[in-house]
Amino acid sequence: MSEDKKTVVLAYSGGLDTSCILLWLKEQGYEVIAFMADVGQDEDFKEAREKATKLGAKKVFIEDLREEFVKEFIFPAVQANAIYEDRYLMGTAVARPCIARRQIQIALKEGAEYVSHGATGKGNDQVRFEMTYYALYPGVKVITPWRLPEFYNRFKGRKDLFDYAEQKGIPLPVTPKKPWSIDANLMHISYESGILENPKTMAPDDLYCFTADPKSAPDEPEQLELEFKKGVPVRVQNLKDGTVHDKPLDIYLYLNKMGGRHGVGRIDIVENRFVGMKSRGIYECPGGTILRAAHLDIETFTMDRELRKIKQMMAGKFSEQVYYGYWYSPEGDYVRFCLDKSQDNVEGKVTLDLFKGNVYIRSRESKASLYNEELVSMDTITGYNPQDAAGFIRINALSCETLAELLWKLFQQASQLDNLFHQAFQGNELELKRMDNVKTSARNLMKLFLTKTFIIEKQPPQVLKIQTKFGVVVRHLLGGKLNIQTHPPEVTCTLISEKQAQGLNVGNRKSSVSSNNSPVLNNKKTLEFNQVTGKLIGEFKNLSLAKATRQGGKNKEVVTEEKSALLFSTQINLGKEIFNISAISVPVVVTVHGNQQCDAEATVFWDNAFADKERKLFDVPDQVEWPRFAEALNKRWALNNQLPLSPDSIAFLGKKIFPGKMEGGMDNAMVTRQLFNRDHMNGRSFSFWKWFYGALDVVSRRLLDEWRDERVAGFISKNIAHDMLRGCNSGTFLLRFSETEIGGISVAYVNTYDGGPCEVFDVAPWTNTHLQMRKFSDRLKDLGELVQLFPNIAKDDAFGPYYTNDGKLREHSRLRKALNKGEENGA
């Protein structure tokens, strides 16, 4: 074998694997050219060159690819909004074709027939490297040590590599104490293997290199303005300090810096590898996360809806091609060309905030905007007649109405044919039965369609208290087309049990429902024809329940777990045919007393949160995993109170429902209905739900503004609150939800008595009853011992806007905010 044929260009990183591979290739008789790509990783390239030379590399190429990596690879991914499995921005996958392309260019220049890489036989990178190799250099021979028995039998794991490195005197930056693998470039940094291979193991705090912990990130947001042309960022400006960058590499580096400072772009995921297995990866991608958010916004602002639908389909294909290694392929070239063309009009500026791990879009502007402020304004009619909406609705309903008309004609023709059959086949029971089946099938199709287009447009409240009025709106979507309005149907509302609802849902004819004994008052309404929409609408404005009809005794706990539904039924007359149709409401719980509201809400919450989409009616699991339960709690909280709970508050709730359970074992813990709202919490006389619901209720009724403006710490323990306040100045206080009182707000504060040291004290919890008599913020104002909200916000600044009848203080607060805003803008 000639020298040229024995020369191999190795994609060298300077790490454990490729350093060992370099020596191993030398042992196999190859001349090794070490190629190292600078794609933005934090690396001492001079030291790496010396190391490769010391290990016996014939030549060492260190190539600065950062500029082309950004312009030719990262920015096309930004244009595509590329993302794999909804979360991964593919920093590694995007870099591989850039690196492999230059490796092939060096191999061709040096006359090397062989190339090699250090990717394992289980990962995606082997595919990405080799697909590029073969696309750009069809005759190349690829040496893949981790797929060769003579290599992987010798090096069964990283310990063997460490031992080999020690034996050969290879200096390494990692030790067996921290054996996770790191891959870094401009776009991101990834962490895999070692202790991270166990998906239950949480990442150590010292693992992250790019980003700050969001909890310890700055308390003030960073405001940036990003400008795009043809879907590519061309300029970034910091609106706080005036910093500007307009070169591709500088823009990306600056976004990484700002995003990293504010903890943006961290994810911890399990993904599906191309080779068929799942893997756990932890990624930091601050710049990419910022660009994706900004580009999505400006693209939606400037791109036609139908074009964007097609573009999104192609973006999904692009993401798949990148992840699987098909960058250099005919289909890859075609998709990138189409995506680039789609960006012709994607230009403009996006203003965004970076804060505590998140990217918040604040505004956008563009000369190519398709947004028409006057057209969409509720205050003007310029250029658009709202009655035009009727035409739009009619056009979108045409297919539905056309199908209804065809079904009705089908049924009429089947009826006429049935009459002819009875005349022609008298006495032939077999033929008559066949025709009868045809007619019945046509009728059933018509009834099914009529039933499916009879909808409850406005559902009832899911907790119905007797003798309390409520409203419901029902509607038939096809009334106009089938002339149902010529004999306007009367709709009857009936309360039905869970068992009756299930029977009706599966078409059980024995599950009869009578409206004679129904407790629903004002339960009849004639459908009225709406000339604008062409639909039949029935608006029940004064429904109420005269009494509660129970399915299982009078035990209080059973009563509030008992689900019912409202059945809306009517008759549709088409010609001589009568079709009985109905619609069933969402599950409801009927209560008699106001003190049953909380338990009834628990039943509704569980049903709404955990019922499967394609479920048997009313069927819900008896237990769910803690992460799913916690997510549902947080959504319910945010729905009521606008601002979600913090991760610390969620963790504290977990400790309450599972006392003594370690945080790391919560993912597989199961929350049962018993734990949720039947058993009492540890050491308390109330259930978890009653405690949680009490806090949710007091916030929504008594201190929504204070919660929304983040003046309440939330769910934290008394001990943690005291720990936070120790060492603070006298008069510092914080607010949390009481652990002992349902719906109670506790005030912990620092004070000193008789010249002694500062101590932490607690005010007895204020409940809904207290706060009904005097407002929450006014009570804080009354307490002179309270001086500043933790950590250092003056009480009047924090709560002054909510004080009662104190216009001067509110004006002072307004002026102070205006002054601060002026200072930020350089006024």
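Hi everyone, a word on the model before we look at it. It is predicted, so local features need pLDDT of at least 70 and side-chain atom pairs count only at pLDDT 80 or more, while totals for chains, interfaces and linings use all residues. Residues are numbered from 1 along each chain as its sequence is written, and side-chain values use heavy atoms, with hydrogens and water left out.

Let's start with ring pairs. Rings of Phe, Tyr and Trp (its six-membered ring) pair if their centres lie within 6.5 Å; planes under 30 degrees apart are stacked, over 60 edge-to-face, and the rest tilted. How many aromatic pairs does a search of the whole structure find? The search finds 46.

Take phenylalanine 605 and phenylalanine 610: their ring centres are 6.0 Å apart and their planes are at 85 degrees, so this pair is edge-to-face. Phenylalanine 605 is buried at 5% relative accessible area, and phenylalanine 610 is buried at 0%. Buried here means under 20% relative accessible area, exposed over 50%, and partly exposed in between, with a 1.4 Å probe and protein chains only.

Now tryptophan 626 and phenylalanine 629. Their ring centres are 5.9 Å apart with planes at 40 degrees, so they are tilted. Both sit in helix H18 (residues 626-641), and because they are three residues apart, about one helical turn separates them. Helices are DSSP runs of H or I with at least four residues, numbered from the N terminus. Tryptophan 626 is buried at 7%, and phenylalanine 629 at 0%.

Finally, a charge: arginine 266 lies over the face of tyrosine 208, 3.6 Å from the ring centre. That term requires NZ of Lys or CZ of Arg within 6 Å of the ring centre and within 35 degrees of the ring normal.

How values were computed
Helix = DSSP H or I, 4+ residues; strand = E, 2+ residues; numbered from the N terminus.
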